[in-house]
Amino acid sequence: MEKQKYYITTAIAYTSGKPHIGNTYEIVLADAIARFKRQQGYDVRFQTGTDEHGQKIELKAAEAGVTPKEFVDSVAGEIKGIWDLMNTSYDKFIRTTDEDHEKQVRKIFRKMYAKGDIYKGAYEGLYCTPCESFWTESQLVDGKCPDCGREVKPAKEEAYFFRMSKYADRLIEHINSHPEFIQPVSRKNEMMNNFLLPGLQDLCVSRTSFKWGIPVDFDPGHVVYVWLDALTNYITGIGYDCDGESDEMFSRYWPADLHLIGKDIIRFHTIYWPIFLMSLDLPLPKQVFGHPWLLQGDGKMSKSRGNVLYADELVDFFGVDAVRYFVLHEMPFENDGVITWELMVERLNSELANTMGNLVNRTISMSNKYFGGVVENKGVSEPVDEELKSFILAVPKRTEAKMDELRVADAITEVFSIFKRCNKYIDETMPWALAKDETKQDRLATVLYNLVEGIVIGASLLRAFMPDTTDRILAQLNVVERPLSQMDSFGLYPSGNKVTARPEILFARLDVKEVLARVEALHPAEPEKAQEEPKSEPEDLAVDMEPKPEITYDDFAKLQLQVGEVVACEAVKKSRKLLCFQVKVGSRVRQIVSGIKAYYAPEDLIGKKVMVVTNLKPAKLAGLVSEGMILSAEDADGNVCVMVPEKDMPAGAEIC
């Protein structure tokens, strides 16, 4: 039977500089999805690459004193090197400077022009160079680019335009009839309400103010607008030919099953790209998923802010699979995730070294100590064994369901639940106690067999997320990977097989102080400016307030107070008081709206632990649902301070 195809792409990385870990997250996420689809039996095509044209590149090359091609060759090589370092299994790394891509872009532009979808005119507006986008005054946010928040400048030039309105109604109908097309749903609502329903303006698709781009062959003074050039990589990379001579690969894999992109470029992929495809009479991709951002603990990563983390540096500290685990596990489905050095150390020590690594090490060590490394199923079972088996056999289907929904973080949590259940099984069966009783040797052997079998299933499920770790675990157990199709049976590990004599330490625990000291040595903090005048000691002020009626303990006990971690925060538009928080409490991220905008900038609160009332009835504030309350203190002068735990407590810890 022929395999079902699955074509997945990432956005192509812009070659303006080295990608930070937030950029790298996308290729790791795509790789996890691609690897899992292969495990499910799909014929997977996985494409990534680099976007290499545009004014920004031209300017950066001039600053570096090299040609644009020399500049992008260097950066593209660095990007590809990081993608390879992260052990990503892409099938194609396309560059928009590839000759076959440039040839097709010229032909596509000519075809759209001949069809009447592109016409020549002039553009006058406000231009953002980093985004390579024109804006009207009404589209700006606080006078700046609505996409990146940078300055815009007036610009006027002759240009070609695409008649976007010609296809707008057709696109709206497609989005409404294909609810799975744009994910998550919040991205769909944003595109419909902010762009499509108000009416699309014609799109500028050529430029004359710079030269680094693909020339319009019938009008050489123009180069193709970077987004028309970049977006078409998804079809040129699999052999599309505008003259009808497409490669068999194109017929096989198009339409794409998934375009995986950052939420900041969702508009280009769900409005511009589908309309370009309609103009070419090609089917639309099945799904576009706009994933959230991975934020540094003190906000969105930015070179100007000096808070950028790079994959290669993190790998030097933690190893490839630990970094893969972290970026996949810490990113919620819809809300932004947070990365800090401290959190990475905590996750490595607790989840990788302890929950998984220690389990594998203990199981192999006990097998060697008690049975010379031989693992046998003696069939001496007790009820706890059936509970273990039932739990483990339910995990693969749950993992598949999470991956089919692109809830990758939840899928990893499912896999690690196997390792946690096996650790619990050790506590329940106490192999060390069984070993002291000669009559319990067959029971001991059965317990160790069940542990090895559980680890094999867990390690095999881990393949998509931590491929090297899967290999290392299975090699120590002297067994091959278990196919997904065989994970409905417990007991397939060959009885009588022998594990390695010396278990390998999968992940060594790290000391957070030592890690932070190494980080500081690599990136010394700038010395703080000396204060012009020493601050006087604050007065010991007390605040008296009108007492409220007494309550009983039962009244107080109705409140559920927990520690929450702020993973994202932004100002509520058109509100002078409100901030909208995404607060992680336990495994759930909840939205909380709080009236403290006058006292805090949003970026000041990201990464902080706060005290939250979590069982407050949800309420709507400024049209946003608020699912709790962040506790604050207020002094006699009206100054407000968010209440934070004295010590670092985990998100979800009860306040009592």
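Modeller: Helices (H or I, at least four residues) and strands (E, at least two residues) are DSSP runs, numbered from the N terminus. This is a predicted model, in which local features need pLDDT of at least 70, side-chain atom pairs count only at pLDDT 80 or more, and totals for chains, interfaces and linings use all residues. Residues are numbered from 1 along each chain as its sequence is written, and side-chain values use heavy atoms, with hydrogens and water left out.

Start with P483. This proline sits in the loop between α18 (467-477) and β17 (497-498). One term is needed here. Buried means under 20% relative accessible area, exposed means over 50%, and partly exposed is in between (1.4 Å probe, protein chains only). P483 has a relative accessible area of 37%, so it is partly exposed. Now look across the model to L171. P483 and L171 are 312 residues apart in sequence, and their C-alpha atoms are 40 Å apart.

Next comes S575. Its loop runs between β18 (561-571) and β19 (579-585). S575 is buried, because its relative accessible area is 14%. From the C-alpha of S575 to that of L621 is 9.9 Å, and the two residues are 46 apart along the chain.

Two aspartates come next. D142 is in the loop between β6 (133-135) and β7 (153-162). D142 is not a glycine, yet its phi is positive, about 55°. Its relative accessibility is 76%, so D142 counts as exposed. D281 lies in the loop between α10 and β13 (288-291). D281 also has a positive phi, about 60°, although it is not a glycine. At 58% relative accessibility, D281 counts as exposed.

Helix α10 leads us to Y272. Residues 266-279 form α10, and Y272 is one of them. Y272 counts as buried because its relative accessibility is 11%. Contact means heavy atoms within 4.5 Å. Leaving out residues up to four places away in sequence, Y272 touches M164, L203, Y225, L231 and R267.

The peptide bond from Q183 to P184 is cis, with omega near -10°. P184 is in the loop between β8 (182-183) and α6 (185-196). The bond joining W254 and P255 is also cis, with omega about 10°. P255 is in the loop between α9 (248-253) and β12 (258-262).

P184 brings in E334. The loop between α12 (320-329) and β15 (337-339) holds E334. E334 touches P184, S186, R187 and P292, not counting residues up to four places away in sequence. E334 and P292 are 42 residues apart in sequence, while their C-alpha atoms are 5.9 Å apart. E334 counts as partly exposed because its relative accessibility is 31%.

What lies behind the loops? A nonpolar core is a set of buried Ala, Val, Leu, Ile, Met, Phe, Trp, Tyr and Cys residues joined through side-chain atoms within 4.5 Å. The largest such core has 105 residues, and I33, F318, F465 and L477 touch the most other members. Helix α13 (residues 341-371) gives the most to this core, with 12 residues. F465 touches A32, R324, L328, M403, V408, A411, I412 and V415, with residues up to four places away in sequence not counted. A second, separate core has 55 residues, including Y7, F162, W254 and L284. In soluble globular proteins, nonpolar side chains tend to be buried together.

Finally, step back to the whole. The protein chain has 21 helices and 26 strands. Its C-alpha atoms fill a box of roughly 90 × 80 × 50 Å, taken along the principal axes. Of the 656 residues of the protein chain, 52% count as buried. Among contacts between residues at least 6 apart in sequence, 74% join residues at least 24 apart.
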